[in-house]
Each structure stands twice: as C-alpha cells, then as structure tokens.
Amino acid sequence: MRAKLEAYELALDEACMRALETDAAAQIHTLFQKHRAAITRLGPERRATYNQLHAVTRYEEPGMLDLPETIAVPLPADAVDAPGHLFVDQAGAFNTKLNGWEKSVLAEERDRPDFLSWLRNGNRLPGYPDFIVLRGTVDGMVRDSGASS
C-alpha cells in the first residue's frame, strides 16, 4: 500500500511527471532508432503496433511509411505515363491522369537531384497533401508532402 501511495504522490508532482515523460520519450526515441531496420522487416500488423506507440508519445516521432506490395487503380482512357511513381507495372510504367498543376509540380520534383519517387496520397481531403515525395539524402530516405488541394 505504501508503494501505491508514493506513486500517487509522485504523479501529483508536475516537475516529477515532466522529468519522467522526458526520460521516457528519450528512451522510446533511442530504442526506435536502434531497432528501426528490424521493425521495417516485420509484418504489417506488428509494425502497426509500433506506429501506435509513436502515436501516443508526447513528442512527435516519425513513423514508418507502410506501403502495400501491389495496388490496383482504375485506368482512365486518357491516362498517360507519370514517371517516377513508387508503384510501376512490369514494363516500369505508371499510367494515370494528372491535371495541369499536378504535372508541373511533379516535373519540378523530378528535376530535383535528391528525388527518388512519388505517390498520390489516398486521403483526398482539404489540408491533406496530394502527393508524398520520397527523397534520398546522405542520412537515408526522407518523405515530403506535396501541395494540398
């Protein structure tokens, strides 16, 4: 009972809780960075568990981009090749229909020397990015969000 009372008293101390949260966040960050490569090799369900841990941390921690192995998209009759897409067919092409500003944004992104690939964000909502652009840096791959509608 004494241990429970002491824990309760410590939980009421704001400075103590801030220090505990800061230490816990640092440990989570260190462990995630140490085991990131191994986590990426896990199945989608297990990776989702780690992403849930990141979602409840006090400080933002980058999660993992969990992509499906294959995608099926409707192909409009006027679709054209959109180079650099993350998903391509057996011929190495990705065909889709892009409007004028989408074509110019993607052309500009592809011209950057660190460009690796792109994909359209599935969430077509205001405030959500239309594209996710993958870039290669000396520290590894990073992702950027493109213009939003």
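**Salt bridges and packing**

Modeller: This is a predicted model. To start with a charged pair, Glu-14 and Arg-18 form a salt bridge, with their closest N and O atoms 3.9 Å apart.

Biologist: How far apart are Glu-14 and Arg-18 in helix α2?

Modeller: They are four residues apart, so about one helical turn separates them. Glu-14 is exposed, at 58% relative accessible area, while Arg-18 is partly exposed at 47%.

Biologist: What happens at the start of α2?

Modeller: A side-chain oxygen of Asp-13 comes to within 3.1 Å of the backbone nitrogen of Ala-15.

Biologist: Where is the kink in α2 centred?

Modeller: On Lys-34, and the kink is about 50 degrees.

Biologist: Which residues of α2 are buried?

Modeller: Ala-25, Phe-32 and Ile-39 are buried. The cover over the buried residues of α2 includes α3 (44–55).

Biologist: Changing topic. Is Glu-102 buried or exposed?

Modeller: Buried, because its relative accessibility is 5% and the cut-off for buried is under 20%. Glu-102 sits in helix α4, residues 100–111.

Biologist: What is Glu-102 in contact with, leaving aside neighbours within four places in sequence?

Modeller: Lys-97, Arg-120 and Phe-131. With Arg-120 there is a salt bridge, 2.7 Å from N to O. Glu-102 is in helix α4 and Arg-120 in strand β3, so the pair ties together parts 18 residues apart in sequence. Arg-120 is partly exposed, at 23%.

Biologist: How many salt bridges does the count come to?

Modeller: Seven. Another one is Arg-135 with Asp-114, at 3.4 Å between the closest N and O atoms. Arg-135 is in strand β4 and Asp-114 in the loop between α4 and β3, so this pair links parts 21 residues apart in sequence. Salt bridges with shared partners join Glu-109, Arg-112, Asp-114 and Arg-135 into one network.

Biologist: And the largest nonpolar core, which residues are in it?

Modeller: Eight residues: Ala-82, Phe-94, Leu-98, Leu-106, Phe-115, Trp-118, Phe-131 and Val-133. The elements giving two or more residues to this core are β3 (115–120) and β4 (131–137).

Biologist: What does Phe-115 touch, not counting residues up to four places away in sequence?

Modeller: Gly-84, Glu-109, Arg-110, Val-133, Leu-134 and Arg-135.

Key. Residues are numbered from 1 along each chain as its sequence is written. This is a predicted model: local features need pLDDT of at least 70, side-chain atom pairs count only at pLDDT 80 or more; totals for chains, interfaces and linings use all residues. Side-chain values use heavy atoms; hydrogens and water are left out. The bend at a residue is the angle between axes fitted to the seven residues ending there and the seven starting there. Buried means under 20% relative accessible area, exposed over 50%, partly exposed in between (1.4 Å probe, protein chains only). Contact means heavy atoms within 4.5 Å. A polar contact is a pair of N or O atoms within 3.5 Å; within protein, one must be able to donate a hydrogen and the other to accept it, and residues adjacent in sequence count only if both atoms are side-chain atoms. A nonpolar core is a set of buried Ala, Val, Leu, Ile, Met, Phe, Trp, Tyr and Cys residues joined through side-chain atoms within 4.5 Å. A salt bridge is a side-chain nitrogen of Lys or Arg within 4 Å of a carboxyl oxygen of Asp or Glu.
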